[in-house]
Amino acid sequence: MSRDDFDLGPLTWVKGEIDQALASVLDLAVKYRERPEDISPIRFMLTHLHQVNGALDMVGLEGARYFCQELEAMADELGKQELQASEEVIAVFSNGVRTLSAYLDDLVNGAPDIPLHLFPALSALESVQGKEPPDESALFFPDTDTRAPSDIPFVEMDDATLLGYLAQQRRSFQRALLNWLRDGTSEPIAEMRTVVDAVAQSQRLPMNKTLWWVAGATLDAIAQGGTKAGLQAIRIFRRLDQQLRYLVEGTSRPTNSLMRDLLFQVARSEPVSERIKQVRARFELDDLMPRAELAT
């Protein structure tokens with residue numbers, strides 16, 4: 001479903017309660033700023049944020065809920081006095097609350113649900129707490145229940161042959177990865193691309209087949225320079241190798257977080273291959289990206 005087709009009904013039913021709760025959080029933040037030695041306002045702030053979190057979960061706004069959870073975690077640190085209540089900290093926290101409120105207002109007024117719009121405020125929250133910069137994919141929520149096309153070839157093998165075949169493919173992937181780490185050229189990535197396609201064709205389960213089909217698009221993007229992945233590429237390659245290990249062990253367990261990371265790189269990439277175009281269309285990735293970020 002396109003994010004332009006987001007059902008406003010459930011949100012409008014709880015929007016008044018959310019607005020009231022967020023306004024109370026802002027009022028309590030003012031009280032806390034004036035008397036930071038008194039942490040009693042924090043307890044009430046946490047109650048209100050928890051209520052907002054539950055409402056956002058109920059209406060299916062995953063990105064807004066994630067952002068609210070970060071606000072709640074920051075308030076919890078303030079309450080435990082693990083985070084100093086400086087003017088800057090309170091200002092950034094309050095701006096985060098206002099940003100979330102404005103984002104929900106925009107949704108009610110017809111804007112599409114694109115949580116990446118919350119990323120600058122999320123970065124500010126993490127920065128003022130001295131944390132590592134967050135990954136943008138934390139606010140990227142594609143429909144990971146979508147499956148690859150049914151016409152992807154399937155190569156039938158018995159269990160023993162399949163495990164041996166997968167072990168061979170993993171060795172090829174690792175060899176190419178090592179070559180890429182040494183010289184950074186695109187040729188080893190092309191070799192990894194061949195591996196993931198071969199693995200996709202060996203998978204009977206639609207979930208597994210989809211993961212490796214999408215991985216091919218991600219590798220296309222990285223190999224042809226059409227992605228902003230940067231150091232994320234190393235993490236993606238190593239996580240794919242881990243998934244290959246699970247397959248060889250017969251304990252395959254693809255994760256939503258890996259699928260989201262793969263799809264995020266495809267969403268940010270130039271449409272330099274047919275596979276990228278297919279994945280972007282099938283998962284409706286263009287609907288999840290701010291227009292300024294969208295590569296065409």
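Predicted model: local features only at pLDDT ≥ 70, side-chain atom pairs only at ≥ 80, totals over all residues.
Residues are numbered from 1 along each chain as its sequence is written, and side-chain values use heavy atoms, with hydrogens and water left out. Local features need pLDDT of at least 70 and side-chain atom pairs count only at pLDDT 80 or more, whereas totals for chains, interfaces and linings use all residues.

The chain contains 11 helices and zero strands, helices being DSSP runs of H or I with at least four residues and strands runs of E with at least two, numbered from the N terminus. Its C-alpha atoms fill a box of roughly 65 × 40 × 35 Å along the principal axes. Of the 296 residues, 50% are buried (under 20% relative accessible area; exposed is over 50% and partly exposed in between, with a 1.4 Å probe and protein chains only).

Two aromatic pairs were found in the whole structure, a pair being rings of Phe, Tyr or Trp (its six-membered ring) with centres within 6.5 Å. The ring centres of Trp180 and Phe237 are 4.9 Å apart and the planes stand at 90 degrees, so this pair is edge-to-face (planes over 60 degrees apart; under 30 is stacked and the rest tilted). Trp180 is buried at 14% relative accessible area, as is Phe237 at 0%.

Glu62 belongs to helix H3 (residues 62–79) and is partly exposed because its relative accessibility is 45%.
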